[in-house]
Structure formats: C-alpha cells, structure tokens
Amino acid sequence: MNTALWIISGVLALIFLMAGLMKISQPREKLAASGMAWAEDFSPGSVRAIGAVEVLGALGLLLPAALGIVPALTAWAALGLVVAMLGAAAVHLRRKEAKALPVNLVLIFLAAVVAWGRFGPYAF
C-alpha cells in the first residue's frame with residue numbers, strides 16, 4: 001500500500017503542479033477563454049492564489065517525505081488539496097458546470113486516500 005500511496009501522490013503532484021503553474025502564469029482572461037470559465041468569477045490575484053495553493057500542495061505531497069524533512073506535512077498537503085477541490089466542486093455546482101464535477105470528485109477521492117494513508121496506517 002505504501003507504494004500505491006507514493007504512486008497516487010506522484011500523479012496528484014503532477015496534475016496539481018501543471019494546473020497551478022497554468023493559473024499562476026497565464027492571465028485570467030486566457031484561462032477563461034481556454035475552458036476555465038470559472039476564472040471570470042475571481043480576481044486575477046485570487047486565480048493566482050488558487051494556483052499557488054495547488055503548486056504548494058503538489059510540492060507538499062512529495063518533498064517532505066522524499067527529503068525526510070517533517071514528513072507528516074505530506075498528509076496535511078493531501079488534506080489541503082481535498083479542501084481545495086471541495087471548494088472547486090462548490091464553484092462548479094454554483095455555476096451549473098456538471099461536466100467538471102467528475103474530475104473534482106476523482107481528485108478529492110485520490111487526495112483523501114493519500115491523507116488517510118499518511119495520517120493513519122502508512123504514516124512516515
């Protein structure tokens with residue numbers, strides 16, 4: 001199970017790193033035009049902050065455990081990403097964007113599995 005948690009963490013880290021860097025590096029208008037219409041509801045600073053949370057969460061899934069520096073932060077990063085995705089799902093529900101919800105639910109589930117494993121039986 002430890003190997004599975006590492007794999008899930010790696011996949012999540014890659015997804016959140018790419019998504020977060022996109023939100024940090026591209027203007028809000030370009031994000032909205034590329035299919036992230038929700039960005040129109042937020043200020044440019046808020047979109048960048050969401051991107052920063054995703055990048056930090058991605059780094060937190062891997063670096064603390066890999067470097068052996070406060071490895072318990074891995075579980076907290078996973079839990080933080082669960083909360084971030086719950087917020088994303090709420091935004092999509094409010095905007096009636098049902099097509100985006102399955103992705104949010106899968107990411108919530110995977111991050112919750114990592115949080116459960118790292119807080120519980122497979123903690124570092």
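Predicted model: local features only at pLDDT ≥ 70, side-chain atom pairs only at ≥ 80, totals over all residues.
Local features are given only where pLDDT is at least 70 and side-chain atom pairs only at pLDDT 80 or more, while totals for chains, interfaces and linings use all residues. Residues are numbered from 1 along each chain as its sequence is written, and side-chain values use heavy atoms, with hydrogens and water left out.

**View 1. Helices α1 and α3 cross at roughly 150°.** The axes of α1 and α3 (lines fitted to C-alpha atoms over the stretch in contact, with angles from 0 to 180 degrees between N-to-C directions) come within 7 Å, which makes α1 roughly antiparallel to α3, a term used for angles over 145 degrees. Helices here are DSSP runs of H or I with at least four residues, numbered from the N terminus. The contact (heavy atoms within 4.5 Å) includes Trp6, Phe16 and Lys23 of α1 and Arg48, Glu54 and Leu61 of α3. By class, this contact has 17 nonpolar, four polar and three charged residues, where Ala, Val, Leu, Ile, Met, Phe, Trp, Tyr, Cys and Pro count as nonpolar, Asp, Glu, Lys and Arg as charged, and the others, Gly among them, as polar.

**View 2. Helix α1 (residues 2–25) meets helix α5 (residues 101–119) at roughly 135°.** Eleven nonpolar, three polar and one charged residues make up the contact of α1 with α5.

**View 3. Helices α4 and α5 cross at roughly 160°.** Their axes come within 8 Å, and α4 and α5 are therefore roughly antiparallel to each other. The residues of the contact of α4 with α5 divide into 19 nonpolar, three polar and one charged.

**View 4. The largest pocket holds about 590 Å³ of space.** A pocket is an open set of points on a 1 Å grid over the protein atoms alone, where a 1.4 Å probe fits, with protein on both sides within 12 Å along at least five of seven lines; lining residues have an atom within 4 Å of a point. The volume is the space filled by probe spheres set on the points, which are joined across faces, edges and corners. Of the 23 lining residues, Lys23, Trp38, Ala88, His92 and Asn104 lie nearest the centre of the pocket. Helices α1, α3 (44–67), α4 (73–94) and α5 each supply at least two residues of the lining, and the largest share, six residues, comes from α4. By class, the lining has 16 nonpolar, four polar and three charged residues.

How values were computed:
Parallel < 35°, antiparallel > 145°, perpendicular 65-115°, else oblique.
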